[in-house]
Each structure stands twice: as structure tokens, then as C-alpha cells.
Amino acid sequence: MISKKLALLFLSMTLLLTSCNNDDDDTTTESLGDYDNGLLITNEGNFGQGNASITFASYDLSVVENNVFNAVNSRALGDTAQSITFNGDLAYIVLNVSNSIEVVNRYTLQSVATINTVLNNPRHIAFANGKGYVTNWGDGGVATDDFLAIIDASTNTIETQTISVDEGPEKVIANGNTVYVAHQGGYGQNNIVSVINAATDAVSTTVTVGDVPNSLRLDSNGDLWVLAGGTPSWTGNETGGKLSKIDGSDYSVTSIDFAGTEHPSFLALENGTLYYYLSGSVYKMDADDTALPTTAELNGLNFYGMEVKDNVLYGVDAIDYTSNGMILSYSLSSNEETNFATTGIIPGGVYFN
Amino acid sequence: MIRILFFVLLLCCYSVAKAQTSIDSIQRLDEVVLSDVKLKRYNEGYKLTVLNDSILRKNGNSLTDVLRFNSNIYFKENGYGMVSSASFRGTNASQTAVIWNGININSQLNGQVDFNTISTANYNNISIRSGGGSVQYGSGAIGGTVHLSNDSDFTKHINHRLQLGYGSFETENASYNVSFGNNNWSGNAGVSYVNTENDYRILGTDEKNENGAFNNLDLNLNLGYVLSQKDVLKVYHQNFRSDRAFSSTLLAPSNSKYETEDYRSMLEWAHVGDNFTSSLKAVHLLEQFKYFENKDLNNYSKGQAKTWLVKHHYKRNVSKNMALSVITDYSYITAEGNSYVDPKRNAFSATAILNHQFSSKFRYNLNVRKDVISDFKSPLVFAGDLSYKLGEPYTLKFNASKNFRVPTFNDLYWNPGGNLDLEPEESFQFDLGHQFKILKSIQLKLNTFYIETSDLIQWRPNAETNYWNPVNIANAKHYGLEVELGYLKQIHAHYFNLVAAYSYTETEDVEKNQPLYYVPLHKGNTALSYNFKSFTAYYQHLFTGEVDIIGGSLNGYDVGNLGCSYELNATGKLNYILDLKVNNIYNTYYENVALRPMPNRNFNIQLTLKF
């Protein structure tokens, strides 16, 4: 009974918010396929074991379907599902160890194309100027072969020309014709954001941020928020995290430092509020705040990924990395867990479809 | 004469007691010719399966293949010829110990043995001892132990064997072995090489096994010298080099390769006194690997471990029927590599073994061992075994033991993650065996076992640090049943030999309350051979049941191999053997590790010259 009420509440909230939503996502209330109006979750699967999968879940987690790519396309997805990026009606699923990208209809998950050339250790994609920019580590042990691969979004073919970038490009986000690449560092550590001009496909500048930048968010002013986790202690050169804002016009940086042993991750941004994850807790702060919050909103978590939408926080828990994981939802008004569901193995990314 | 006796001994490891005088001389002879006396002497209550020369030559030079088709051990092989690890009675990859001439050679870095980095070409025999053996063989001897033996032959002889082969997927192999001896000297030297493209077709697709090429070189040299009536000096050396590309999986391409090198050397001085024997061994082991993520670049990560070991075995005959052994060893181990800061380990162990032949029917052994290791505390382990001959055809065997596996250098020192607070894994187990010998032609072994392992070391993500740590976390139970049947039949000049083995293995991950991954509930293998004068034909069959894997299961399968050989000029000084073999005759699609298909039907032809 309670869950039914909750479902209705969520549904009404979703309707309410989608109607005044100005995302470039296609937002119609009519279902465009089985997997419209819900979450897509990437389950990385075990490295080298080819058991990556996609889970679909309704926003209230009452309807959950695992292994949807395999079910729709009657074949295995691939090895190590790293990320999903939407562009128009398509979703691009990056498979890190398979060195491939599965292009599917985002609502039906029907396969449209498979891109499996040029890529080498692909991670994430952003779209700008009709092109998809794919971050690639190259060989993990080589610091000088990292690059962005370029996909022609109209044909879903990959260009042989690539953009050479600094070590360890990871998250990537686009604002108009400006593409920002966070250099988390691959197997090592890096501390820059590369700025690429999608008109010329050249690196226009690099901006220094905190060590090991792990998340990027754009705000409504066109400024870029970068959360850096800091260098881990095992390197013998530990540094704390750093939250930075890069001005979208002049790339000037303002930052707030975490303590030297604090390593935050999973930055989310909604309606001027920032959320991040640190040592099993979720913190929130106003984007205008000049100091970090001292008390957590949620505690006792074990997240491997996290997103916020419509005042609901979704976290994924990989548990022991060899069993099915979980997705959990929390109301950010009451800070209570609202629901949970079983996913595939090592759920990592949550995407709103 | 000595040689004949020696072969008889090899064939009947559990031979019934003979007159006391002959036992003495046999035991004294053992010290001289055997490299691993313990294996023969203190195992009355264990199941021992000896694979002799003729079996070893039927499966190329791959230890994985030999054991897959001739034992209960399941192999997780990452595609043919790639990294291969054992699951013995359902235990994990680091719970089977491999013993080279009496010395434990499991990797100091990861505790495992890659069974595709051991060639069978240059061993006299390979034995499989089922059950816990930590007291005698140290860390990792939980499921069982696999023994590689080079024995000495001090009869006057010189024999050469040259083998040349060619097979599917551009597989070339060549080996040469010379064995010689006289009253004072014995020796054998061998070299074995295999090189293959290994690009077998993936059944049901148009694809081939990509990036699977490999080559292996094995060098062996063993010498024995009789110093005096009472003293023998022996030298053993073995070197294995392998250069393997790491094959792609069905879903992930690969461009990487792996180079490994192992050097193993041992000097042994055996002294046979009037009522005692003593053996002093000095051993050096070196293992190293280079992993190339991209095989076209000279950019690799590496690891290396060196072991220096001194081992003394003193055995005193307390009475006619009772012997006491004291074994002490000291080892110093160092490692280096990209992920360690020069760790070192000092280890000392002391073992006592009481061997008692209570009557001609009843024998037992009691063993106890304590290790003192520099980087953690090690448990006191013990073992007891007995054999009781209840009647002419039937012998009852029983053994119980406590065993351990020490944390490896990776577990302790890997950066990041290495955990210095780890403790050894422990197991407690027992095994009840029945052996029947009927009419000299039928031999039946039936074993039931129970193994409980605790404090199993597993790498787990650490939410605090964001990287993985090994922790003593899991517990497991294993129990099962094994049946082994041997049948020999002669009709005039026609010889038939049937060997069949079946195992039923239940496992449980106690924490998760589910079976362990990659353990087949059922596994069976059989080999049937027929010989008439110079002609021999044989068939091998392997059935492996379904195994659980993370998030799913792998299908069971049946694979059969068929071979025949013909010996030319069998009575002459130089004889030729021509051998033709078809592997996987039914063209079965199968995987031992998910997404890593094994070869389709393939052919191999061998020419062996003996002179």
C-alpha cells in the first residue's frame, strides 16, 4: 500500500517536473519504448569476464528488469560497461575492455551500430557539434598515447583522426562547442581539465584543478564544477580532494579544499545544490557556499556510483563485486531510504532516460 | 636387475610388505634412486595415482592436458595453452601444491602454479597424491599435490629419445632426451620445445582464436654420482621459458603477452648408514614474469621471486618396523617488481614423522610440523594416516590432516592493498579410501573426503580506502566421492587396458551459502588402450559437468581424443614410433573459463626415434 502511494507520488512528481524540464533530453510523457521514463544502470561486470549488463528500473524502483540489452538483442553486451551517453534518440554504451561502443535506441535498446575500431580503453563520451568525443586511455601503462576518438553522430562511424590529450582522460562534458575533459590520470594520477573546441577539434587550453578529478557538472550559468578526489595514500604522496568551479568564459578557477585524507567522489548537481559522496556518507551544499558542509545527509552507505534527480538520490552498491549489486533510492527531503532493487554485477552508472 | 626392481617399485607404490631383508635393501635403494622418498614411504593412507611414461607421452607435453584427461583435477584454462590453474577436490588455484623432486614450487608471488608452464617431457613419472599434505609438502597442499619426479638409474645404459611433431594450428614440437648411467654415474638431459600459432577456429562463428600464439622451452639436466658405498651426490636443474600472447575472449580483444621464466636447481647429498639415512638438499628457485599490455611495445610490468632453501631429512630406524624421521628446512625468499618494495621472508620449519608397520596388514604414520615464518604466525599442522589390509583383495585407507596456506607476497606486500595482518588459511580434512585388487587385473579405488577450509584469503573492496585489500574472510566446505578403476586384460598377444575415474564434488561457500565457482559437480575421464605387437590404439574421454561462474554457469561437455601408434623395427637398435592423434574428435565446443573457447577438432603427428 505504502509503495503504491509512493509510486503515485513519484509518478506525479515526474510528470510535474518533466513538463517544466529544459534538459536537451527528449521529454515527452508518451512512452517511446519499453525503457522510456526510467533509469538505465550500467553494470560493469567483472573485468575480462564479459558479464557486463544494463538494468532498467522505473524511477520508484518498483519495476526492475536486468540484462535488458541481452534480452532485446539476443547477444551479450560485452566486457566492462563503463558509461552511457544519450544523444537524441540514441544511447551510446561504452565497453571498456571490449574496446567498443554499442549504439542503441535509448527507449527500446535495439542495437543500431557497434563501433569497435580506433578505440583503445574507451571511457566516456560527450556530444558537441554533431560529433561524439570519446575519452581513451590508450595502453594503461603508457602515459603518452591517450586520446579522444571522434564519432560522426549522423552516421555513427568513427573518424581515423584522433585528438591527442594528456594522461588519463576520463569524464567528459560539453557545453555548446566547448568540450571539457577531466584527466583523472588512468592508472596514475593527473590534475587537469582539457578544453577542446569542437569546431576545430583542437585542445584550446588546459586548466589545473585538484588531483584526480573524478566528476564534472555544468551549472545553469555555463560554469563547470569539478570534483577531484585527491591522490590516494598508497602512492606515498597523499593529497586531499578539491571542489573547483571553472568559469565558463575565462576558465578562471575558484576552489574549496577537503582535508588531506578526504577523498570525495560522485558529484551531482540539481537546482543549485551540490551533492557528493565521502567515506560512506552523502553531503550536500549550496553552490554558493564558500565552505564545505560538516554534517552528512546520509550515512552508512557503500556506493559505487550516485546520481540525483527530482530530489531523489539514487546510489548503486556493488556489494562484494562478485554477486548482483543493488540500487537504492533516498528521498532528499526526508533523508530516508525509499526503495531498493537488485541490479547486475558491479552497478556503476545511473542514467535518467 | 636394479633397474627392473626400480620399475616394479614404481608400478606398485603400495606394494605389500615383503620379507624384512628385502625391505631394507629396497629402502636403501630408494634413497639412492628416488628424488622424493617421502612420496613413496609415508603415504600408506593416501590415494596415490602414478602416471608413468606411456601415459605422459599421450598428451603432448602439456601438464594441463595430461592431468585433465588422467585425473580428477579440473583446470581453469584461459584458452588453450594460456594461464591454467587447478581445482583439486573443489579447492582454489592456490590450494594445490606442485612438488618438483620433493620441493614445493608454487609461486611465491601468487601461491599458484600455472600448469601450462610445466612440461611433462623430461620427467620419469608424475604422481597425484589426493588429500592434505602440508606437513610433508608445506603451504598450499590442501586439495592435493602433484609430484614431478626425476629418478636416477645407475645401471649401465645410454638411451636417446628424439621426438618431432607437427599438428593443426601450425603447432611444431621437438624434444630430445638422453639418459645414461653406469655403476657410479647416472644422468639425463632433456630439451623440449613447442611453438604454435594456436589460431583455432571458434566453432559456430567465422572467428579464430586471436592473439593466442605461444612457445615454450623446457631444459632439464639431472646427474647422480655415487661417492662411496654409502654416499650419493645428485644435482637437479630445470629451466622453463615461455612466451605467450594472451588470447582474446569472445567479448574482449587482446594485444597483450606474458613472458615467464623459471629456474630450479638442487644439490642433494644422500647418506645411507646402517640404521639411518640422511639427505641434505640445497635448493635455489627463481621465478619471474614480464607482462606486456601491448605486445608490440617494449613496455612491461614485471615481478620476480627468489628462494634459497636448505633442507635436511634424517631418518632413523628405531626398530625393525618403526622409523622416525626429522625434517628441518630453512628458506630465505626475496621478491622484487613494480608493485613491491623488496619484501623478504625467512622461514624455518621442523617436521617429525613416525612410520610404523604394526603388522604385515596394518601400517600407520603420524606427522607433525611447525613453521616459523618472519612475517606472520603459522599454525602447528599435523597428519595421520593408516592402511589396513582386511583381506586379500581389500585394503582400507584413512587419513586426516590439518593443513595451511601462507599469505603470498602479493597478499602481503602488493601496493596498493597488501595487508600485513593476514594469517594463513587453514584446512581440516579427512579421507576414507577403499582399495580392491581383484584377480590382479582389476584395481578399484573408492575415496570419500571432507575438507573444511577457513580464513580463506580474498581480495575485497575497501570502502574506506577505495582500493582492494586481501582479508581472511571466507570459509568453505568440500566433500565428495572419487572412484578410480583400472582393468588390464590380455588375450593372447592382445592387451587391453582401461582406466576410468569419476569424481563427485560438492562445495559450499559458507558465507554466501552457495557452491564455489568453477567446480564441476561431476567429472569423469576414461582411457582405453589396445596393444597388439607393434600397434597401439587408444581413446581418451573427458566429461565435465556444468560449473557455476559469477552470475551464471558454464555448460558441461564431452571431449574425446583418438590416437594410434606403430612401432617400426621394434627389436632393432634404432626404433621408430609413428603416432597419429585426433584431439576433440566430436568437434565439441567447450569452455573451461567463460568466453574462452577451447580448440575444435585437431590433428597431431609425431615421430619418435629411440636409440
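1. Is Glu261(B) buried, partly exposed or exposed? With a relative accessible area of 21%, Glu261(B) is partly exposed, where buried means under 20% relative accessible area, exposed means over 50%, and partly exposed lies in between (1.4 Å probe, protein chains only).

2. The model is a predicted one, in which local features need pLDDT of at least 70 and side-chain atom pairs count only at pLDDT 80 or more, while totals for chains, interfaces and linings use all residues. Residues are numbered from 1 along each chain as its sequence is written, chains are lettered from A and ligands numbered from 1 in the order in which they are written, and side-chain values use heavy atoms, with hydrogens and water left out.

3. Over all chains the structure holds 29 salt bridges, each being a side-chain nitrogen of Lys or Arg within 4 Å of a carboxyl oxygen of Asp or Glu. One of them joins Glu261(B) to Arg241(B), with the closest N and O atoms 3.9 Å apart. This pair links distant parts of the chain, 20 residues apart, since Glu261(B) belongs to strand S14 (residues 257-272) and Arg241(B) to strand S13 (residues 231-245) of chain B; strands are DSSP runs of E, at least two residues, numbered from the N terminus. Arg241(B) is partly exposed, at 35% relative accessible area.

4. Arg264(B) and Asp262(B) form a salt bridge whose closest N and O atoms are 3.6 Å apart. Arg264(B) counts as buried at 7% relative accessibility, and Asp262(B) is buried at 10%.

5. Arg460(B) and Glu511(B) meet in a salt bridge at 3.2 Å, N to O. Arg460(B) lies in strand S23 (residues 442-461) and Glu511(B) in the loop between strand S25 (494-509) and strand S26 (522-532) of chain B, so the pair ties together parts that are 51 residues apart in sequence. Arg460(B) is buried, with a relative accessible area of 14%, whereas Glu511(B) is partly exposed at 44%.

6. A nonpolar patch on the surface, with about 790 Å² of accessible area together, includes Leu164(B), Tyr566(B), Leu578(B) and Ile605(B). Patch residues have over 30% relative accessible area and no salt bridge, with nonpolar side chains (Val, Leu, Ile, Met, Phe, Trp, Tyr) joined within 5 Å, and accessible areas come from the Shrake-Rupley method with a 1.4 Å probe. The largest share, three residues, comes from S31(B). Ile605(B), in strand S34 of chain B, counts as partly exposed at 39% relative accessibility.

Technical notes:
Patch = residues over 30% accessible without salt bridge, like charges linked within 9 Å, V, L, I, M, F, W, Y side chains within 5 Å. Helix = DSSP H or I, 4+ residues; strand = E, 2+ residues; numbered from the N terminus.
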